[in-house]
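Subject: Structure handover

Hello,

The structure is pasted below.

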Amino acid sequence: MRPEQVKRYYENTSPPSLQPWSLERKHVRIVTHDKRFIKLNTIGNRVNEKALWKLCTKYSPTHVYMSVLNYLFPESVGLKRSAKYAYPVGGEYVFDVDNYLFRGVETHEHPRTWICIACLEVARKYTIRLTELVEENYENIAIVFSGARGFHIHVLDFNVRDWTHYNEHDPVKSHEVARFRYTLHLARQLDARFDEPHFTLSVDPVRIISVPQTLNASTGLVCRLIGSRVDLERKSASRILDEASSSLAIWGGFSQLPLSVKR
Ligand SMILES: [Zn+2]
């Protein structure tokens, strides 16, 4: 996508409410058209939805990311070893289900485009099964279409203390240990129940993830909030792609756009 199209997307859509996330607790970064990484939190400046949309109009970013952890001082987040000085105060655990993992497993012909609907359908089914498993431990789960080939499962009520002792002197390490243990637990369950051999789980607590409702300018698709597992069950892969299209916001015809749109 051209930068002016990205700009038009952010100009023509209103900043969405990102509840249940608290964006102001997040460290936020964007990637620009010329592949620069820009940290949006500056000293004393937290990024809310309104400020984010304004900055996206200014920079026309290719991708918009936020930290999975929430911080008391998100502007202090830098390298991993310094993240503890930003005082992490919880945060979600995110699974990426990306359908490149299934390429080679599926025997159909993939189209030569970014998105293969058949593979996205496989990713959708896998996301539903993985979410069912997570629901045995947690209930506050939000599923987001990644804006490309898969889904992000945000486990919003993930709690470090469920899996490890919380060390106040090294909170980032505690987050990492808890994620590692929960991942092991899930991996055992997955082995026992699922025949699919492919999944990846990142235990890195300082990783970043796409901000819901922002634009993936590589594909032109919105990284769109879907909702719960039941919401995902009700939608086919092709409907998800239709709803994630950004062309209405960019070229007009706003009435069908899933985001709230300025008129
Ligand atoms: Zn495919």
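The largest cavity is lined by His 63, Val 64, Ser 146, Ser 210, Thr 214, Leu 215, Asn 216 and Cys 223. This is a predicted model, in which local features need pLDDT of at least 70 and side-chain atom pairs count only at pLDDT 80 or more, while totals for chains, interfaces and linings use all residues. Residues are numbered from 1 along each chain as its sequence is written, and side-chain values use heavy atoms, with hydrogens and water left out.

A cavity is a set of points on a 1 Å grid over the protein atoms alone where a 1.4 Å probe fits but cannot get out; lining residues have an atom within 4 Å of a point. Grid points are joined across faces, edges and corners, and a volume is the space filled by probe spheres set on the points. There are 2 cavities of 30 Å³ or more, and the largest holds about 40 Å³. Its lining has 3 nonpolar residues, 5 polar and no charged (nonpolar: Ala, Val, Leu, Ile, Met, Phe, Trp, Tyr, Cys and Pro; charged: Asp, Glu, Lys and Arg; polar: the others, Gly among them). β3 (63-67) and β10 (215-216) each supply at least two lining residues (strands are DSSP E runs of at least two residues, numbered from the N terminus).

β3 also pairs with β1 (28-31), antiparallel, over 4 bridges (pairing needs at least two DSSP bridges). In that pair, Val 31 stands opposite His 63, a residue of the cavity lining. β1 is also joined to β2 (37-39) by 3 bridges, again antiparallel, and Arg 29 stands opposite Lys 39.

Regards

How values were computed: On a 1 Å grid over the protein atoms alone, a cavity is a set of points where a 1.4 Å probe fits but cannot get out, and a pocket is an open set with protein on both sides within 12 Å along at least five of seven lines; lining residues have an atom within 4 Å of a point.
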